[in-house]
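Dear colleague,

Please find the structure below, together with its sequence. A short account of what was found follows it.

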Amino acid sequence: MIPLRVLTLIVISPGQPSVLVLEPVEETPEGKSRVVPIWIGPQEAMQLGIAIEHVRMPRPTTHDLFLDALTNLDTRVDHVVINDVKGQTFFAKLTLRQGARLVELDARPTDAISLALRQEAPFYIEEDILERASFPYLFKSNHDEEAELQEFHTFIEGLKPEDFGE
């Protein structure tokens, strides 16, 4: 399993698909990395944005309610693993810890990662899934971060779901 981190969440406009861009935390040559883009809907993007920015809503969201229920059952998110991809659909396992007991649940990666972010739990990707679903992300060592970010956003905005095929 390879640890992941959120590189960015790209929300183009309300009602349009968004892209969650994950980056593996791994040793790579200087100026090279990989990214795993996951196309998501507007509701998933909103929940992930809330988790990434650590926003507290005046009323609990569904994810907050779920975590409150877990806390009251002396359970917490242990970790998340993205364990499969079929076409453009990613699959994940959400592992909960209750004392020494681990419970594994099938989950959408967006929900599982949103919960993990809220509880600062790690999330991973299986190595073979990373190989199949990642794209190279190259940058120059003496780079202008704003120009690089703009170039990356331009690249992501040009992506279409059809680009990922099966």
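How many aromatic pairs does the structure hold? The answer is one aromatic pair. Please keep in mind throughout that this is a predicted model.

A ring also takes part in another kind of arrangement. The charged end of Lys86 is placed over the ring of Phe91, at 5.5 Å from the centre of that ring.

The next topic is the packing of helices. Two packed helices are described by the angle between their axes and the distance between the axes. Helix α1 covers residues 42-53 and helix α3 covers residues 109-119; their axes come within 8 Å and cross at roughly 15°. Angles under 35 degrees count as roughly parallel, and α1 and α3 are therefore roughly parallel to each other. Their crossing is left-handed. On the α1 side, the residues that meet α3 are Glu44, Gln47, Leu48, Ile50, Ala51 and Ile52. Their partners in α3 are Thr110, Ile113, Ser114, Leu117 and Arg118. By class, the residues of this contact of α1 with α3 are six nonpolar, three polar and two charged.

Helix α3 also packs with helix α2, which spans residues 62-72; here the angle is about 60° and the axes are 10 Å apart. The helices α2 and α3 are therefore oblique to each other. The crossing of α2 with α3 is right-handed. From α2, the contact involves His63, Asp64, Phe66, Leu67 and Thr71, while α3 contributes Asp111, Ser114, Leu115, Arg118 and Gln119. The contact of α2 with α3 divides into three nonpolar, four polar and three charged residues.

Finally, I would draw your attention to one residue in a strand. Leu9 lies in strand β1, which runs over residues 2-10. Which residues does Leu9 touch, not counting those up to four places away in sequence? They are Val19, Leu20, Ile40, Ala45, Leu48, Gly49 and Ile52.

Yours sincerely

Notes
Residues are numbered from 1 along each chain as its sequence is written. This is a predicted model: local features need pLDDT of at least 70, side-chain atom pairs count only at pLDDT 80 or more; totals for chains, interfaces and linings use all residues. Side-chain values use heavy atoms; hydrogens and water are left out. Rings of Phe, Tyr and Trp (its six-membered ring) pair if their centres lie within 6.5 Å; planes under 30 degrees apart count as stacked, over 60 as edge-to-face and the rest as tilted. A charge sits over a ring if NZ of Lys or CZ of Arg is within 6 Å of the ring centre and within 35 degrees of the ring normal. Axes are lines fitted to C-alpha atoms, for helices over the stretch in contact, and angles run from 0 to 180 degrees between N-to-C directions. Helices (H or I, at least four residues) and strands (E, at least two) are DSSP runs, numbered from the N terminus. Angles under 35 degrees count as roughly parallel, over 145 as roughly antiparallel, 65 to 115 as roughly perpendicular and the rest as oblique. A crossing is left-handed if the near helix is turned anticlockwise from the far one by less than a right angle, and right-handed if clockwise. Contact means heavy atoms within 4.5 Å. Ala, Val, Leu, Ile, Met, Phe, Trp, Tyr, Cys and Pro count as nonpolar, Asp, Glu, Lys and Arg as charged, and the others, Gly among them, as polar.
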